[in-house]
Amino acid sequence: MKKQLLFIVLYISVGIGTIYGQAGPEKQIRKILKEQTAAWNRGDIDAFMQGYWNNDSLLFVGKNGPTYGFTNTLNNYKKNYPNKDYMGQLNFTLLEVKPLSKQLWMVLGKWELTRNAGNVSGHYTLLFKKINGIWVIIMDHSS
């Protein structure tokens, strides 16, 4: 009886850990950010944008205020970073990666561009949401 009870407790504990564990989503989100960095550093803004929600409700907030929509955000990136000299080499430093709910995660970090056009840096807050089984950035506030 004690062995059966122990087995049940362990089974429930493992199940709860799997359902609510942070390792899966956090690992996936870190992978997306790594892929975005690699895409940026090879000068591929279209691939960089694959981490974002391709939807008119995507929100990007930068120094010029809010931009709504995937296409508008993509166009702004292409306008502001027209070539490799302006894009430079991107480095993300993650300060915090944490769940807000089962389907919503927040990332706080620092971005740095080392480039011929002059180095720039700032901070960002991202909201990731799991939509149709895929983690995507639904909000980006970068300054």
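Predicted model: local features only at pLDDT ≥ 70, side-chain atom pairs only at ≥ 80, totals over all residues.
The side chain of D46 meets that of K78 in a salt bridge, with 3.1 Å from N to O. This pair connects distant parts of the chain, since K78 belongs to helix α4 and D46 to helix α3 (residues 45-48), 32 residues apart. K78, for its part, counts as partly exposed at 38% relative accessibility.

The salt bridge between K78 and D46 is one of four that the structure holds. R30 forms a salt bridge with E26, the closest N and O atoms lying 3.0 Å apart; because R30 and E26 are four residues apart in helix α2, about one helical turn separates them. K31 likewise forms a salt bridge, with E35 as its partner and 3.0 Å between the closest N and O atoms, and these two residues are also separated by about one helical turn, being four residues apart in helix α2. As for accessibility, R30 is partly exposed, with a relative accessible area of 40%, and E35 is partly exposed with a value of 42%, whereas K31 counts as exposed at 52% relative accessibility, the cut-off for exposed being over 50%.

Helix α2, which spans residues 23-41, also contains K34. K34 is exposed, its relative accessible area being 67%. Although K34 and N91 are 57 residues apart in sequence, their C-alpha atoms are 9.4 Å apart in space.

R115 is buried yet takes part in no salt bridge, the nearest side chain of opposite charge being that of D85, 9.3 Å away; a salt bridge would require a nitrogen-to-oxygen distance within 4 Å. A polar atom of the R115 side chain does, however, lie 2.8 Å from the backbone oxygen of Y86. When neighbours within four places in sequence are left aside, the residues in contact with R115 are Y81, D85, Y86, G88 and V120.

The lining is made up of 29 residues, of which F60, Y77, N80, Y81 and S142 are the closest to the centre of the pocket. At least two lining residues are supplied by each of α2, β1 (59-62), β2 (65-68), α4 (70-80), β3 (89-101), β4, β5 and β6 (134-142). Among the contributing elements, α4 gives the most to the lining, with five residues.

With regard to the overall arrangement, the protein chain has five helices and six strands, and from the N terminus on these elements run in the order α-α-α-β-β-α-α-β-β-β-β. Of the 143 residues of the chain, 36% count as buried. Among contacts between residues at least 6 apart in sequence, 48% join residues at least 24 apart.

Methods. Residues numbered from 1 in each chain as written. Heavy atoms only, no water. Buried < 20%, exposed > 50% of the residue type's maximum accessible area, 1.4 Å probe, protein only. Lys, Arg positive; Asp, Glu negative; His and termini not counted. Polar contact = N/O pair within 3.5 Å; in protein donor to acceptor, adjacent residues only side chain to side chain. Contact = heavy atoms within 4.5 Å. 1 Å grid on protein atoms, 1.4 Å probe; cavity = no way out; pocket = protein on both sides within 12 Å on 5 of 7 lines; lining within 4 Å.
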